[in-house]
Amino acid sequence: MVCGVALGQVATNLYAAMITIAANIVQNLDTVITDQLGVRTYAELALVLLVITLAVNVVARVMVRRVSGTALADRERAVTS
Amino acid sequence: MLALILVVLIVKAWPAILINGWGFFTDSVWHTGAQYGSSVHSHGITYLGGQKYGALPQIIGTLETSAIALIIAVPVSVGAALIVVERLPRRIAAVVGIFLELLAGIPSVVIGLWGVLTFGPFIATYIAPVLNKIPIPFFQGDPGHGQGLLVSGLVLAVMVIPIVASTARDLIRQVPILPREGAVALGMFRRRGRATGHPALGWLRPGRGRGARPGPGARRDHRGWPWSAASPSARWPPTCTRR
């Protein structure tokens with residue numbers, strides 16, 4: 001609802017209505033529940049969303065681990081020296 | 001569990017992956033087919049003729065809103081974490097920390113509803129007219145009732161700020177006290193925030209050695225360059241003979 005749910009529309013400015021994968025699933029899944037290809041397409045959409053989420057989370061986790069590892073190693077070095 | 005979800009989704013989506021093909025990622029048309037048209041049987045499923053599913057606008061929308069959320073949430077969260085760790089008295093910091101964690105527990109539906117009913121109209125009424133003055137086409141447009149890309153990104157930012165802030169707070173707490181004291185000694189005055197932000201963020205930055213710039217009163221080496229003992233790349237404890 002927040003994004004405006006404009007199917008098939010890419011936002012051309014900051015205020016334009018658009019759609020996200022999550023918004024489409026929430027808004028329209030019930031209309032295709034009896035449609036075999038529709039349901040499977042929404043499963044494909046969920047798969048894409050899951051892959052995007054996993055990719056972003058893996059990148060974030062790697063960043064936090066690198067930063068955290070650096071800080072801890074330096075802290076130990078500072079204490080021992 | 002994650003693998004199970006992934007396998008179930010792939011199995012469930014496999015016929016659609018074969019039927020939609022690469023067009024799913026490159027097309028913008030989302031058509032659920034002709035209700036009274038003839039049915040088609042293919043790849044083990046029966047579906048209405050004329051169905052076409054292209055998810056490009058949705059994928060772009062998801063990435064756009066996520067980018068806006070991160071652009072706004074990361075500086076705000078790191079700033080909030082710095083204030084909580086470095087600036088606030090311990091008791092107030094503990095209370096703010098509790099509220100940060102409580103904020104993370106608010107259901108996303110509640111934040112979304114707040115976004116639609118309160119935050120969106122507020123942005124459309126007060127913030128959008130200001131942003132409209134920026135002479136970049138992407139910032140100009142009719143905000144309507146506040147339902148659009150900007151508000152989606154902002155609402156998403158509100159959802160992730162507590163998580164990013166608590167992670168940043170835990171990381172900043174790992175910074176030893178020595179670099180901070182060294183920064184103060186070298187002229188990064190605590191009052192101006194340099195002694196807190198620069199060493200802490202510099203220590204946490206993976207690319208080390210670019211951590212901090214000394215203040216105007218900083219000691220300079222024989223070449224006249226200010227060297228930074230607050231930087232994690234500096235030898236610790238600092239000595240005046242270091243080059």
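What share of the contacts in chain B with a separation of 6 or more comes from residues 24 or more positions apart? And from there, please take me to helix 6 of chain B.

A: Happy to! Bear in mind throughout that this is a predicted model. To your opening point, 61% of the contacts in chain B with a separation of 6 or more are between residues 24 or more positions apart. The chain itself is built from eight helices and four strands, and reading from the N terminus the order is α-α-β-β-β-β-α-α-α-α-α-α.

Now to helix 6 of chain B. This helix covers residues 149–173, 25 residues in total. From its first C-alpha to its last it reaches 35 Å, close to the 36 Å expected at 1.5 Å a residue. Even so, there is a kink of about 40 degrees at B:Val160, shortly before the proline B:Pro162.

The surroundings of the helix are worth a look too. Of its 25 residues, 18 are buried, so helix 6 of chain B is largely enclosed by the rest of the structure. For chain B as a whole, 31% of the 243 residues count as buried.

That leads us to the largest nonpolar core, which has 34 residues. Helix 3 (56–87), helix 5 (108–131) and helix 6 of chain B are the elements that give two or more residues to this core, and helix 6 gives the most, with 14 residues. B:Leu149 and B:Leu154 are the residues with the most contacts inside the core. Beyond its neighbours within four places in sequence, B:Leu154 is in contact with B:Ile72, B:Phe119 and B:Ile123. Apart from this core lies another, of 14 residues, including A:Ala43, A:Leu45, B:Ala16 and B:Ala55. In general, nonpolar side chains tend to be buried together in soluble globular proteins.

In it, 47 residues of chain A are in contact with 64 residues of chain B. Helix 2 of chain A gives the most to the side of chain A that touches chain B, with 25 residues. The residues on that side divide into 29 nonpolar, 12 polar and six charged.

Finally, a word on confidence. The model scores ipTM 0.81 and pTM 0.74. Chain B has a mean pLDDT of 77, with 77% of its residues at 70 or more. Over residues 207–243 of chain B, pLDDT stays under 50, and the model has 69 contacts beyond four places in sequence for that stretch.

Note on methods: Residues are numbered from 1 along each chain as its sequence is written. Chains are lettered from A and ligands numbered from 1 in the order in which they are written. This is a predicted model: local features need pLDDT of at least 70, side-chain atom pairs count only at pLDDT 80 or more; totals for chains, interfaces and linings use all residues. The expected span of a helix is 1.5 Å times one less than its number of residues. The bend at a residue is the angle between axes fitted to the seven residues ending there and the seven starting there. A residue is buried if 20 or more other C-beta atoms lie within 10 Å of its own, exposed if 12 or fewer, and partly exposed in between; C-beta atoms are placed from the backbone. pLDDT is the predictor's confidence in each residue, from 0 to 100. Two residues are in contact if their C-beta atoms, placed from the backbone, lie within 7 Å. A nonpolar core is a set of buried Ala, Val, Leu, Ile, Met, Phe, Trp, Tyr and Cys residues joined through C-beta atoms within 7 Å. Ala, Val, Leu, Ile, Met, Phe, Trp, Tyr, Cys and Pro count as nonpolar, Asp, Glu, Lys and Arg as charged, and the others, Gly among them, as polar.
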